[in-house]
Every structure is written in C-alpha cells, then in structure tokens.
Amino acid sequence: MSLDQLLNPHTAPRRYVITGGPSAGKESVFARLLEMEIPCTEGEPAREIYRKHRDRLGRHLQVADRQEYSRDVLAAFVAEYSDHKHGLRFYNRGIPDGYGWDAFFGLRPYSELEEATRLYRYDAVFVLDSLDDFDSEDDLVWAKEREIRRVHELIIQGYYDAGYKPIFVPADEPRRRIDFILAQLPVPAA
C-alpha cells in the first residue's frame, strides 16, 4: 500500500502509539514524521507538562509530586486521543505509558488511568528499541543508563498489562524506523 493510501484522511480514525524509554530516539522519529507531513503529535506533551510543574515548583519533580503530574499527562493524552476524528495519527507516547512511569516512581495505578486505558484503545503500539547512545542535550535527562533501561522495561510491561502486543522497532536511523513502522500498519477498510 502506498503512503498516500495510508494517509487517506477519509478513513475512520486509526491511532498508533510510538513509545519507548528515555533516549529511544522518539524525538528524531517524530521530527521526521512531521517533515514527511504524516499526522502525529507535535512536541512531547508529557515533557511540556513536566516543565510547567518544574517551573511552578522551582525544582525537579519529587515522588510526592508525581501523582498530580501523572493525572495532568493523562488528561493531555485523552484530549489528544479524543480530538482525532479521521485518518491515521501517530502519538508520542500513549495512555498506558502512565503505568510504566508511575511504577518507576513507586506509584500504584489509579482508577482514572485504568478507566482511560479501557476506554481509549490504540490500533497498534510501536516500541522503539533503545539506542546505544544515552547522551542528550535535553534539560530533562535525569537518569542513569540502568534507570533508562528500567523505565523502558516498565513502559513495555504497562502495554502488555493493558492488553497490547507491542511491535518492536529496531534501533536505526529515523527514516528506516518509520519505513519499518509503515510496513507494519494494517490496510484500512474502505
């Protein structure tokens, strides 16, 4: 199927998550999707919400701050999901990412997250395999390599627990990762 056929905006909404732990290369993949004019999340909502919390608090989030942050991220993800009405869209992280991040910070799943996970379902979940390079100039990189790997594993487990069968995207340059993802998409119904 051609890219034009995949991008037909007259089809029912099709929702695909691209996720992975920190330093998995999501930013580069989404930048390339935008260059290709493929409908997708612009920016990273969770990162922007983090910055707002950090600016308001005057410090990085601590475990006690994480529940409010998690609820704000959930609300943003639900809004983005609900706003999409037609055709294909790629999401930079999805609702079940909350399970992995909350688990990393020792938080238990909360009822709003569980309900949203049941109500708002994605057509497929693509997990970017971690890159070998954990260097970043981003102001939010906070984790050591072992923590990055742990968050990655917890995110994956969250999707399995939510009933998804993630498709793993090998570490590669962004265009080849996108080619791999597009090749995995089901043919839309007419």
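## Basis of the model

This is a predicted model: local features need pLDDT of at least 70, side-chain atom pairs count only at pLDDT 80 or more, and totals for chains, interfaces and linings use all residues. Residues are numbered from 1 along each chain as its sequence is written, and side-chain values use heavy atoms, with hydrogens and water left out.

Helices (H or I, at least four residues) and strands (E, at least two) are DSSP runs, numbered from the N terminus.

## The sheet

Strands of a sheet pair through backbone hydrogen bonds, either parallel or antiparallel. Here four strands form an open sheet in the order β2-β1-β3-β4, with parallel pairing. The edge strands are β2 and β4 (167-169), and each pairs on one side only. From one strand to the next, the twist averages 25°.

Two strands count as paired if DSSP finds at least two bridges between them. Strand β1 (residues 14-19) pairs with β2 (residues 88-92) over five bridges. There, Ile18 has Asn92 as its bridge partner. β1 also pairs with β3 (residues 124-128), over four bridges. Thr19 stands opposite Val127 in β3. Next, β3 and β4 pair over three bridges. Val127 stands opposite Phe168 in β4.

## Inside strand β1

Is β1 mostly covered or mostly uncovered? It is mostly covered: six of its six residues are buried. Buried means under 20% relative accessible area (1.4 Å probe, protein chains only).

In a regular strand the side chains alternate between the two faces of the sheet. In β1, Arg14, Tyr16 and Ile18 point one way. Arg15, Val17 and Thr19 point the other way.

## The helices

Two packed helices are described by the angle between their axes and the distance between the axes. Helix α4 (residues 66-83) and helix α6 (residues 111-119) pack at about 20°, with axes 10 Å apart. That makes α4 roughly parallel to α6 (angles under 35 degrees count as roughly parallel). Axes are lines fitted to C-alpha atoms, for helices over the stretch in contact, and angles run from 0 to 180 degrees between N-to-C directions.

Which residues of α4 and α6 meet? Arg71, Leu74 and Val78 in α4 meet Glu112, Leu113 and Ala116 in α6. Contact means heavy atoms within 4.5 Å. By class, this contact has four nonpolar, no polar and two charged residues. Ala, Val and Leu are among the nonpolar types, and Glu and Arg are among the charged ones.

Helix α8 (residues 174-184) lies across β1, β2, β3 and β4, and runs at about 160° to β4.

Terms used. Parallel < 35°, antiparallel > 145°, perpendicular 65-115°, else oblique. Buried < 20%, exposed > 50% of the residue type's maximum accessible area, 1.4 Å probe, protein only.
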